[in-house]
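Notes follow in the order I wrote them.

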Amino acid sequence: AWQRSLADRPNAWSLRSLSHLADSPSERADLLLSAHKLQPGLRELTVETLRALLAANRAAEALAVVSELSVEDRDHGRIRLHTAQAALAAGDLDQVRQLLDQGIVVDNLQEGEDSLDTLWLAVYPDRPVPREYDFRMTGS
């Protein structure tokens, strides 16, 4: 049905749905990137696209997607987090530091998620993780 829907008219929803059936992280990223291009203003689709690009080791493409977003979307906590992760993967430690120093607040970060402290320790290995970035379940 999703293939027929795409044949009838390209749409983000069929592409997104097909991405869940993708055989590889790269194929999933391709499908989500195509979906995002059709609906660039949908923040949750943007977040999903960035996550897929990072999983496919395509940090430069993730940063390119972020560069085309509105300021409001770039400032969203989860998008800032993925931007910092992409910058780290691309080797731009200064950008990661800048984002962390400005603040990254992810409103739906779960206890035990180590994404923020991992970023912090990657660029500030000699400094303790600040409380606002430490969601680990163990004291480190």
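**Aromatic rings**

I started at Y124, which is buried, with a relative accessible area of 9%. A reminder to myself that this is a predicted model.

Next I looked up W120, and it counts as buried too, since its relative accessibility is 5%; the cut-off for buried is under 20%.

Then I asked how many aromatic pairs the structure holds. I got two.

The pair of W120 and Y124 has its ring centres 4.4 Å apart, with 45 degrees between the planes, and is tilted.

W120 also pairs with Y133: here the centres are 5.9 Å apart and the planes stand at 45 degrees, so I wrote this pair down as tilted as well. To be called stacked, planes have to be under 30 degrees apart, and edge-to-face needs over 60.

Where do W120 and Y133 sit in the chain? W120 is in helix 9 (residues 115-123) and Y133 is in the segment after helix 9, 13 residues apart, so I have this pair down as linking distant parts of the chain.

Y133 is buried at 4% relative accessible area. I noted W120, Y124 and Y133 as one aromatic cluster.

**Helix 7 and helix 5**

I moved on to helix packing. Helix 5 (residues 59-67) packs on helix 7 (residues 77-89) with the axes 8 Å apart and an angle of about 140 degrees. That makes helix 5 oblique to helix 7, because the roughly antiparallel label is kept for angles over 145 degrees.

I have the crossing of these two down as left-handed. Helix 5 brings A59, A62, L63 and V66 to the contact, and helix 7 brings I79, T83, A86, A87 and A89. Sorting the residues of this contact gave me eight nonpolar, one polar and no charged.

**Helix 7 and helix 8**

Is helix 8 roughly parallel or roughly antiparallel to helix 7? The axes of helix 7 and helix 8 (residues 93-102) cross at roughly 155 degrees and come within 7 Å. The two helices are therefore roughly antiparallel.

This crossing is left-handed. On the helix 7 side I listed R80, T83, A84, A87 and L88; on the helix 8 side, L93, Q95, V96, L99 and Q102. The contact of helix 7 with helix 8 splits into six nonpolar, three polar and one charged.

How values were computed: Residues numbered from 1 in each chain as written. Predicted model: local features only at pLDDT ≥ 70, side-chain atom pairs only at ≥ 80, totals over all residues. Heavy atoms only, no water. Axes fitted to C-alpha atoms, helices over the stretch in contact; angles between N-to-C directions. Helix = DSSP H or I, 4+ residues; strand = E, 2+ residues; numbered from the N terminus. Parallel < 35°, antiparallel > 145°, perpendicular 65-115°, else oblique. Left-handed = near helix turned anticlockwise from the far one by under 90°. Contact = heavy atoms within 4.5 Å. Nonpolar A, V, L, I, M, F, W, Y, C, P; charged D, E, K, R; others polar. Phe/Tyr/Trp six-rings, centres within 6.5 Å; stacked < 30°, edge-to-face > 60°. Buried < 20%, exposed > 50% of the residue type's maximum accessible area, 1.4 Å probe, protein only.
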